[in-house]
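Dear colleague,

Please find below the structure that I am handing over to you, followed by an account of what was found in it.

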Amino acid sequence: MSRYAKAHVSPEGPGDSRPTALQVVEDEGMEGKLEGRVIVITGTSSGLGIETARALSITGATLFLTARNVRKAKDALADISEPGRTEFIEMDLESFESVRAAATAILQKTDKVNILINNAGIMAVPGLEFTKNGHELQFGTNHLSHFLFFQLLKPALLAATTPNSHSRVVNVSSAAHRLNGINATDNYNFEKGGYNPWVSYAQSKTANIYMANEIERRYGSQGVHATSIHPGGIATGLSKHIPEADLAAMLEDEALVKSLKSPEQGAATTVWAAIGKEWENKGGKYLSNCAEAKRGDDVSDMTSADYASHTYNRESEGRLWEDSVKIVGLTDDQ
Ligand SMILES: NC(=O)c1ccc[n+]([C@@H]2O[C@H](COP(=O)([O-])OP(=O)(O)OC[C@H]3O[C@@H](n4cnc5c(N)ncnc54)[C@H](OP(=O)(O)O)[C@@H]3O)[C@@H](O)[C@H]2O)c1
């Protein structure tokens, strides 16, 4: 059982006894223990990415922090900026060209990456919009660009792995994945109509989980492990597309308000997956509340920390992988 299980039984809202990301680093005894290791984190200009970077900086690792707006990330993380140990890299996930340029910039500075955290994301975009490469905005931003980024950094993740320290990938998904699996191969971009902001978000967040499960299947035996996580509910910039009336209605739900975490607490499961001893040599699991998620029901409830029947689906995981390789323009996956 997770050492944090009790703290999650009766939440009292942001700042209660549930762990912060920093507490996880301390509880794992990892302060200053990752000097010389390399951690890459996407989306470090807001919300959970900031707190993930802040906590992991305590480990002594070298951090490559990506953001589409580097100025914003630098301002947010001025307190941990250290020349040579924190590198800010521009990456706009709406553009494969930008993803390729970011990966190149990182690989020019290091040939090893120990931990990759795919954290950046957007949620519930109201209408059907497209990335610069013509893919539905949430699927393209949240999944396809992170898939390409992983593929480009894969040689460095494989190069970094040693028998005593396997490499890790953490995909930040969401309980909202419970609302929908992935569309048919010819409908990832809602080509057949029926766009819905939440169905689209759920597809992209299911894709985050499937990508992690498939990384584990393909590369776990080579020392690259992957998990996916739900961070909890946290008030961040992510909710910018939710109508104010809907947000106000949510805040009237006392149980929901008590379940909310602070950004520091919201980054805890990511950090636990990235450096926790529990995930040293394994992966392929969906985590929430600093624990492996339990099997829940299939009710369309995006606040549940449990997993649904479609959270693990070998056939869909394989299909998405094969399709994603083609979509991002790669021919060889090995
Ligand atoms: N907050 C929650 O309750 C919650 C719940 C479940 C899952 N999550 C997941 O947690 C992750 C982090 O979300 P958050 O709550 O920290 O949200 P946030 O405060 O909005 O931060 C999202 C980050 O992603 C970046 N981003 C968005 N679009 C991008 C693009 N095209 N290119 C590059 N970066 C881009 C943002 O950059 P800008 O600063 O430039 O916008 C920001 O740094 C997401 O994957 C989200 O799905 C969050």
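I begin with N289, which counts as buried because 26 C-beta neighbours lie inside 10 Å; a residue is termed buried if 20 or more other C-beta atoms lie within 10 Å of its own, exposed if 12 or fewer, and partly exposed in between, with C-beta atoms placed from the backbone. N289 has a positive phi of about 50° although it is not a glycine, and it lies in the loop between β7 and β8 (291-292). Most residues other than glycine have a negative phi. A positive phi, near 55°, is also found at F190, in the loop between β5 and α6. F190 is partly exposed, with 16 other C-beta atoms within 10 Å.

Please note that this is a predicted model, in which local features need pLDDT of at least 70 and side-chain atom pairs count only at pLDDT 80 or more, while totals for chains, interfaces and linings use all residues. Residues are numbered from 1 along each chain as its sequence is written.

As to the overall form, the secondary structure comes to eleven helices and eight strands; helices (H or I, at least four residues) and strands (E, at least two) are DSSP runs, numbered from the N terminus. The C-alpha trace spans about 45 × 45 × 40 Å along its principal axes. Buried residues make up 49% of the 334 residues.

Strand β6 (residues 224-230) is largely enclosed by the rest of the structure, since seven of its seven residues are buried. V224, A226, S228 and H230 point one way from β6, whereas H225, T227 and I229 point the other way. Strand β5 (residues 167-172) pairs with β6 in the parallel sense over six bridges, two strands being paired if DSSP finds at least two bridges between them. V169 has A226 in β6 as its bridge partner. The chain crosses from β5 through helix α6 (residues 197-219) to β6, and this β-α-β crossover is right-handed: with the strands pointing away from the viewer, the path from the first strand over the helix to the second runs clockwise. β6 also pairs with strand β7 (residues 286-288), in the parallel sense over three bridges, and L287 in β7 is the bridge partner of I229.

The axes of α6 and helix α11 (residues 314-327) come within 9 Å and cross at roughly 95°; axes are lines fitted to C-alpha atoms, for helices over the stretch in contact, and angles run from 0 to 180 degrees between N-to-C directions. The two helices are therefore roughly perpendicular to each other, a term that covers angles of 65 to 115 degrees. A207, Y210, N213 and E214 in α6 meet S316, E317, G318, L320 and W321 in α11, where contact requires C-beta atoms, placed from the backbone, within 7 Å.

Two further items concern helices. Helix α2 (residues 47-57) is mostly covered, with eleven of its eleven residues buried. N142, in helix α5 (residues 137-160), is buried, with 27 other C-beta atoms within 10 Å. Not counting residues up to four places away in sequence, N142 touches G121, I122, S204, K205 and N208.

With kind regards

Note on methods: Parallel < 35°, antiparallel > 145°, perpendicular 65-115°, else oblique. Contact = placed C-beta atoms within 7 Å.
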